[in-house]
Amino acid sequence: MEYVLFVNKQGKLPKQAISDMQKEFISFAGKKIRIKVEKFVKKRSNLQNRWYWGVAVAYISEKTGYFPDEVHEFLKKKFLGVKEIKIGNESEEIPNSSAELTTTNFMGYKEQIQAWASTELNVNIPDPDENYKGDIEYLEDILGIKDNE
């Protein structure tokens, strides 16, 4: 279970939320549970994601001739870094995920990509347009997703 709640200025939760949580706790009667409380941060928005794939990745893909997924992996490794995973006796470096970026972190990622593309590829990637809906055919054909997903 996961709740996103607003804590009021007195540090209290809505009574209905407490009631709902207590109902869910019944299934854990007599068991040890873990409750983790953390500040809510909004993950990158759908608009940011559409701009990333439909503009930034598409421009770089067109300029370099690499597939969008290849460009995506390159950008993640270059700007988000890598982590090493070890399975058995083998280890491999994989790029950190962009899916977990907050809206604020994504803005920094966007700016890095734009600056790099301008300098290294002579490609001007425009800023996101709040009215941009994405190239639906491109998204469906190339990325295998539907507009309402």
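## A nonpolar surface patch

In this predicted model, five residues form a nonpolar patch on the surface: Met1, Phe28, Ile33, Ile35 and Val37. Together these residues have about 530 Å² of accessible area.

Phe28, one of the patch residues, sits in the loop that runs between α1 (15-25) and α2 (46-64). Its relative accessible area is 35%. Phe28 is therefore classed as partly exposed, because that class covers values between the 20% limit for buried and the 50% limit for exposed.

## The chain as a whole

The protein chain contains five helices and two strands. Read along the sequence, their order is α-α-α-β-β-α-α.

The chain has 149 residues, and buried residues make up 26% of them. Among contacts between residues at least 6 apart in sequence, 53% join residues that are at least 24 apart.

## Helices α2 and α3

Two packed helices are described by the angle between their axes and the distance between the axes. For α2 and helix α3 (residues 68-80), the axes come within 9 Å and cross at roughly 100°. The two helices α2 and α3 are therefore roughly perpendicular to each other, since angles from 65 to 115 degrees fall in that class. On the α2 side, the contact is made by Tyr52, Trp53, Val57, Ile60, Ser61 and Thr64. On the α3 side, the residues are Pro68, Asp69, Val71, His72 and Leu75.

Leaving out residues up to four places away in sequence, Ser61 touches Tyr66, Phe67, Pro68 and Val71. Two of these, Pro68 and Val71, are also listed among the α3 residues that make the contact with α2.

## Helices α3 and α4

Helix α3 also packs with helix α4 (residues 103-121), at an angle of about 105° and with the axes 11 Å apart. That angle makes α3 roughly perpendicular to α4. From α3, the contact involves Phe74, Leu75, Lys76, Lys78, Phe79 and Leu80. From α4, the contact involves Tyr109, Gln112, Ile113 and Trp116.

Leu75 of α3 takes part in the contact with α2 and in the contact with α4.

## Glu93 in strand β2

Glu93 belongs to strand β2 (residues 90-95). With a relative accessible area of 48%, Glu93 is partly exposed; exposed would need a value over 50%.

Which residues does Glu93 contact, leaving aside its neighbours within four places in sequence? They are Val82, Lys83 and Glu84. Glu93 and Gly81 are twelve residues apart in sequence, and their C-alpha atoms are 9.5 Å apart in space.

## Asn122 in a loop

Asn122 is located in the loop between α4 and α5 (136-143). Its relative accessibility is 68%, so Asn122 counts as exposed.

Most residues other than glycine have a negative phi. For Asn122, phi is near 55°, which is a positive value in a residue that is not glycine.

Key: Residues are numbered from 1 along each chain as its sequence is written. This is a predicted model: local features need pLDDT of at least 70, side-chain atom pairs count only at pLDDT 80 or more; totals for chains, interfaces and linings use all residues. Side-chain values use heavy atoms; hydrogens and water are left out. Patches are made of residues with over 30% relative accessible area and no salt bridge: like charges are joined within 9 Å, nonpolar side chains (Val, Leu, Ile, Met, Phe, Trp, Tyr) within 5 Å. Accessible areas come from the Shrake-Rupley method with a 1.4 Å probe; for residues, only the protein chains shown count as cover. A salt bridge is a side-chain nitrogen of Lys or Arg within 4 Å of a carboxyl oxygen of Asp or Glu. Helices (H or I, at least four residues) and strands (E, at least two) are DSSP runs, numbered from the N terminus. Buried means under 20% relative accessible area, exposed over 50%, partly exposed in between (1.4 Å probe, protein chains only). Contact means heavy atoms within 4.5 Å. Axes are lines fitted to C-alpha atoms, for helices over the stretch in contact, and angles run from 0 to 180 degrees between N-to-C directions. Angles under 35 degrees count as roughly parallel, over 145 as roughly antiparallel, 65 to 115 as roughly perpendicular and the rest as oblique.
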